[in-house]
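The paragraphs below proceed from a pair of helices to salt bridges and then to the backbone.

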Amino acid sequence: MAISTYTELKTAVANWLGGRSDLTDRIPEFITLCEAKLNRELRCTQMDTRSYTSVNTANTEPEFITLPSDFQTMRLVRLSGETGKPALEFVSPQQMDSFRYDRANVSGMPAYYTIFGTEMELFPTPDDDYTIEIIYRANIPALASNSTNWLLTAAPDLYLYGVLMEAAPYIDDDARIGTWAMGYQYAIDGLNKLAFQQTFASGPAAVRIEGPTP
């Protein structure tokens with residue numbers, strides 16, 4: 001059978017676990033646990049997302065911007081509406097505190113950013129309403145709230161083996177953990193390798209030959 005939706009995945013997992021009806025309410029939990037592990041271990045280009053947000057100087061603290069709810073790690077921050085879309089430089093929270101201490105009340109076009117929990121802080125404090133473009137790695141859309149997602153479409157085997165691996169300890173099937181883990185690792189290594197090739201080997205290297213200096 002096809003495994004292209006949340007419902008089909010749950011059915012497939014139940015089948016592979018011997019059709020046990022007592023696991024119907026547990027399988028969604030196994031899927032959630034699998035997705036938590038995937039978010040920690042998977043590094044695919046499909047996880048890279050672009051989003052835009054606006055700085056509003058009417059706010060009490062315009063230098064703080066709430067990150068997207070699916071945010072995992074930052075890739076790039078730049079000022080979208082400015083000439084050349086200048087990129088902001090990341091600094092540590094400690095460096096940001098130093099900036100604030102050394103240059104108190106400084107405002108202007110943001111040039112630096114840092115991450116505090118679920119917020120991004122900009123420096124200098126924005127002096128205008130800027131449009132911020134962020135490119136970040138997003139968490140995988142959870143199947144519990146989506147009928148499908150890009151990962152289930154691309155790698156149903158990864159999902160299946162990952163969920164079975166989470167189920168094995170619950171049903172005391174320790175003998176199968178190694179089998180499921182091997183299938184899971186093979187699938188995740190393949191996807192990560194493909195992502196590396198897409199990023200760094202998408203085409204032949206160009207060799208530039210310099211002519212003689214006149």
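Helix H1 and helix H2 are roughly perpendicular to each other, a description that applies to angles of 65 to 115 degrees, whereas angles under 35 degrees count as roughly parallel, over 145 as roughly antiparallel and the rest as oblique. The axes of H1 (residues 6–16) and H2 (residues 27–41) cross at roughly 105° and come within 10 Å. Such axes are lines fitted to C-alpha atoms, for helices over the stretch in contact, and the angles run from 0 to 180 degrees between N-to-C directions. Helices (H or I, at least four residues) and strands (E, at least two) are DSSP runs, numbered from the N terminus.

The model is predicted: local features need pLDDT of at least 70, and side-chain atom pairs count only at pLDDT 80 or more, while totals for chains, interfaces and linings use all residues. Residues are numbered from 1 along each chain as its sequence is written, and side-chain values use heavy atoms, with hydrogens and water left out.

Which residues bring the two helices together? On the side of H1 they are Tyr-6, Leu-9, Lys-10, Val-13 and Ala-14, and these meet Ile-27, Pro-28 and Ile-31 in H2; contact here means heavy atoms within 4.5 Å. The residues of this contact divide into 7 nonpolar, no polar and 1 charged. In this division Ala, Val, Leu, Ile, Met, Phe, Trp, Tyr, Cys and Pro count as nonpolar, Asp, Glu, Lys and Arg as charged, and the others, Gly among them, as polar.

Helix H2 also holds Glu-35. Glu-35 is buried yet has no salt bridge, and the nearest side chain of opposite charge, Lys-10, is 11 Å away. Buried means under 20% relative accessible area, exposed over 50%, and partly exposed in between (1.4 Å probe, protein chains only). A salt bridge is a side-chain nitrogen of Lys or Arg within 4 Å of a carboxyl oxygen of Asp or Glu. For charge, Lys and Arg count as positive and Asp and Glu as negative, while His and the chain ends are not counted. Leaving aside neighbours within four places in sequence, Glu-35 is in contact with Pro-141, Ala-142, Leu-143, Asn-149 and Tyr-159.

Asn-39 counts as buried because its relative accessibility is 15%. When residues up to four places away in sequence are not counted, Asn-39 touches Met-47, Gln-72, Asn-139 and Ile-140.

Side chains of opposite charge can pair when their charged atoms come close. How many salt bridges does the structure hold? There are 9 salt bridges. In one of them, Glu-166 pairs with Lys-37, the closest N and O atoms being 3.0 Å apart. Glu-166 belongs to helix H5 (residues 156–170) and Lys-37 to H2, so this pair ties together parts that are 129 residues apart in sequence. Both Glu-166 and Lys-37 are buried.

Another salt bridge joins Lys-85 and Glu-133, with the closest N and O atoms 2.9 Å apart. Because Lys-85 lies in the loop between strand E3 (71–79) and strand E4 (89–90) and Glu-133 in strand E9 (residues 131–138), the pair ties together parts that are 48 residues apart in sequence.

Glu-121 forms a salt bridge with Arg-100, and their closest N and O atoms are 2.9 Å apart. This pair links distant parts of the chain, with Glu-121 in strand E7 (residues 119–123) and Arg-100 in helix H3 (residues 93–102), 21 residues apart. Glu-121 is buried, with a relative accessible area of 5%. Salt bridges that share partners also join Arg-50, Arg-78, Lys-85 and Glu-133 into one network.

The backbone is the remaining topic. Most residues other than glycine have a negative phi, and most peptide bonds are trans. Phi of Lys-85, however, is near 45°, a positive value in a residue other than glycine. Asp-172 also has a positive phi, near 55°. Asp-172 lies in the loop between H5 and helix H6 (174–200) and is exposed, with a relative accessible area of 67%. A cis peptide bond, with omega about -5°, joins Phe-123 and Pro-124. Pro-124 is placed in the loop between E7 and strand E8 (125–126).
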